[in-house]
Amino acid sequence: MTVALCTTSHSPLIGLHDPPPEVRAEVDGVLTRARAFVEKFDPQLVVVFAPDHYNGFLYDMMPPFCVGAAASSVGDYGLPAGPLDVDRNAAYAIAKHALAAGVDVAVSEDMQVDHGLVQPLTFLFGSLTAVPVVPVFINCVAEPLGPAVRARLLGTAVGEAVRGLDRRVLVVGSGGLSHDPPVPRLAEAPPEVVERLKRGRNPTREQRAQRESGTVAAAADFAQGEGPYRPLNPDWDDLVLRSLAAGDFGAVDGHDNDWFVTEAGHSAHEVRTWIAAYAALAAQGPYDVRSSYYRPIPEWFAGFATTTALPR
Ligand SMILES: O=C(O)/C=C/c1cccc(O)c1O
Ligand SMILES: [Fe+2]
């Protein structure tokens, strides 16, 4: 059994509100090299730690963590819709190990996933079903959130679980880094949005189009320095990248939740998926980062980063 890691930002603005062509080409080159890294590793299973943005997980029941035993993509932002190739046995083995390790994961036999989980699969494999996956949802948006160190404990438990699988396993973390896109927050939302955050699964085509065009318009404002959005924070992003590369998890998950928001925006909590992925790799022993890319890309509402890593 061996484990490899790829962590990457996601952004539904890719292809819908792109940066200048030379920046887009630079990122395409980074993702092409990440894909080559993955192809060389040739994973037999991909465990994806990803957030959701009130598409699959809503306040009717919002778990901190959920392992998908079956999952399908909602197809938001023009991404592929439909079922993923979930390895159900591996999902249950991971869930059982996490629970035994004291990490209270939920399990879903019908998980709905969005761009947060689908984009890394399209970046690295070009499809939803190229390789068997186990989707692991981490709540990064719906307050209250537990302390970020819980993501490390989840990742460690998953890393120990996959050690028992006689397969090459790629762990993926999806999200971040610093960013503050217009993902609604229950405490501040108007009644119609509160209703969506509680019961808004499976919106109509028109409702989804309206939400997505609103995100694109917000990105246009943000890229021009307008709108009520917190700025990207390259210094904070650099701290996250350096700390995870060095295995210094406490430098990131040792802070309270307000630190993430104040320093890096409300959606910076998505770095919990990176913490979990790196903790899963760390469960195999010492590791080395093989590639690390970073660029603030306001057109995509993100401090955009992609890393790959292998056990030493
Ligand atoms: O939830 C949405 O519709 C948009 C989410 C978004 C926007 C920009 C960057 C991200 O990481 C997002 O998830
Ligand atoms: Fe996101």
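Mentor: A cavity is a set of grid points where a 1.4 Å probe fits but cannot get out, whereas a pocket is an open set. Keep in mind that this is a predicted model.

Trainee: Why roll a probe at all?

Mentor: Because a probe the size of a water molecule, rolled over the atoms, shows where empty space is left.

Trainee: Which residues line the second largest cavity?

Mentor: The lining includes Ala50, Pro51, Asp52, Phe57, Met111 and Phe137. Strands β7 (111-113) and β8 (133-138) each supply at least two residues of that lining.

Trainee: And by class, how does the lining of the second largest cavity divide?

Mentor: Into nine nonpolar residues, one polar and two charged.

Trainee: Back to the largest cavity. What lines that one?

Mentor: Among the lining residues of the largest cavity are Cys140, Val141, Glu143, Pro181, Arg185 and His269. By class, the lining has seven nonpolar, three polar and two charged residues.

Trainee: Now pockets. How much space lies in the largest pocket?

Mentor: About 930 Å³. The largest pocket is lined by 40 residues, and Pro182, Val183, Pro184, Arg196 and Arg211 lie nearest its centre.

Trainee: Which helix gives the most to the lining of the largest pocket?

Mentor: α6, with six residues. Helices α5 (191-199) and α6 (205-223) each supply at least two.

Trainee: What classes are in the lining of the largest pocket?

Mentor: The lining has 17 nonpolar, 13 polar and ten charged residues.

Trainee: Where is ligand 1 in all this?

Mentor: The space taken by ligand 1 is the largest pocket. There are 14 residues around ligand 1, and His53, Tyr77, His115, His179 and Arg211 come nearest. The shell divides into seven nonpolar, five polar and two charged residues.

Trainee: You named some histidines. How far is a polar side-chain atom of His53 from an oxygen atom of ligand 1?

Mentor: 2.8 Å. For His115, a side-chain N or O atom is 2.7 Å from an oxygen atom of ligand 1. The side chain of His10 also has an N or O atom 3.2 Å from a ligand 1 oxygen.

Trainee: Last one: how much of ligand 1 does the protein bury?

Mentor: Taken alone, ligand 1 exposes 350 Å², and the protein buries 98% of that.

Note on methods:
Residues are numbered from 1 along each chain as its sequence is written. Chains are lettered from A and ligands numbered from 1 in the order in which they are written. This is a predicted model: local features need pLDDT of at least 70, side-chain atom pairs count only at pLDDT 80 or more; totals for chains, interfaces and linings use all residues. Side-chain values use heavy atoms; hydrogens and water are left out. A residue is near a molecule or strand if one of its heavy atoms lies within 4 Å of it. A polar contact is a pair of N or O atoms within 3.5 Å; within protein, one must be able to donate a hydrogen and the other to accept it, and residues adjacent in sequence count only if both atoms are side-chain atoms. Accessible areas come from the Shrake-Rupley method with a 1.4 Å probe; for residues, only the protein chains shown count as cover. On a 1 Å grid over the protein atoms alone, a cavity is a set of points where a 1.4 Å probe fits but cannot get out, and a pocket is an open set with protein on both sides within 12 Å along at least five of seven lines; lining residues have an atom within 4 Å of a point. A molecule sits in a cavity or pocket if more than half of its atoms lie within 2 Å of its grid points. Ala, Val, Leu, Ile, Met, Phe, Trp, Tyr, Cys and Pro count as nonpolar, Asp, Glu, Lys and Arg as charged, and the others, Gly among them, as polar. Helices (H or I, at least four residues) and strands (E, at least two) are DSSP runs, numbered from the N terminus. Grid points are joined across faces, edges and corners, and a volume is the space filled by probe spheres set on the points.
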